[in-house]
Every structure is written in C-alpha cells, then in structure tokens.
Amino acid sequence: IVAESNEQTWSYAELLANTRRIAQNLRINEDDIVYQYGDGSFEVICGLMSTLCAGGTYVPLSPSMLPMQ
C-alpha cells in the first residue's frame with residue numbers, strides 16, 4: 001500500500017497505472033513548469049507523479065502563496 005485514507009487505498013501498481021494514464025494525455029514538454037494547487041488528496045499525488053512522468057517540473061501551491069482578492 002502506497003497511500004491510504006478513510007475512503008480509499010492505493011497500491012503501487014494502482015498509483016503507477018493512474019500516473020501513466022494521465023501522463024500520456026498531458027501536453028507537457030521538458031521545459032514546462034506545472035503549478036498545482038491541492039490538499040494532498042490521491043488526485044493531487046497522481047497529478048504530481050503524472051507531471052514528473054511526462055517530463056515537466058512540478059511546483060506546489062499553497063493557499064498562503066495565493067494573492068488575496
């Protein structure tokens with residue numbers, strides 16, 4: 001088990017399968033920077049891994065980094 005919460009559990013094989021599926025659909029080049037805002041959910045973990053798998057650079061965003069509107 002790679003990740004677990006009250007609602008869901010993922011194995012390494014499931015994480016890898018989801019990561020590869022999403023990475024194939026991303027239009028990311030090696031020089032691209034991808035900013036991602038999230039809460040640490042499975043979807044955010046998968047997005048991070050997919051970005052790296054596709055060759056992009058991952059930059060996490062937190063609420064404290066966003067400007068007040």
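Residues are numbered from 1 along each chain as its sequence is written, and side-chain values use heavy atoms, with hydrogens and water left out. Because the model is predicted, local features need pLDDT of at least 70 and side-chain atom pairs count only at pLDDT 80 or more, while totals for chains, interfaces and linings use all residues.

The mean pLDDT (the predictor's confidence in each residue, from 0 to 100) of the protein chain is 82, and 90% of its residues reach 70 or more. The chain has two helices and four strands, where helices (H or I, at least four residues) and strands (E, at least two) are DSSP runs numbered from the N terminus. From the N terminus on, these elements follow the order β-β-α-β-α-β.

Ala 23, in helix H1, is buried, with a relative accessible area of 12%. Contact means heavy atoms within 4.5 Å, and, apart from its neighbours within four places in sequence, Ala 23 is in contact with Ser 50, Cys 53 and Ala 54. Although Ala 23 and Ser 50 are 27 residues apart in sequence, their C-alpha atoms are 4.6 Å apart in space. Gln 36, in strand S3 (residues 33–37), also counts as buried, at 16% relative accessibility, and its contacts beyond four places in sequence include Glu 43, Leu 48 and Tyr 58.

A search of the whole structure finds one aromatic pair. The pair consists of Trp 10 and Phe 42 and is stacked, at 5.0 Å centre to centre and 25 degrees between the planes; rings of Phe, Tyr and Trp (its six-membered ring) pair if their centres lie within 6.5 Å, and planes under 30 degrees apart count as stacked, over 60 as edge-to-face and the rest as tilted. Trp 10 lies in strand S2 (residues 9–10) and Phe 42 in helix H2 (residues 42–53), so the pair ties together parts that are 32 residues apart in sequence. Both Trp 10 and Phe 42 are buried.

How values were computed:
Buried < 20%, exposed > 50% of the residue type's maximum accessible area, 1.4 Å probe, protein only.
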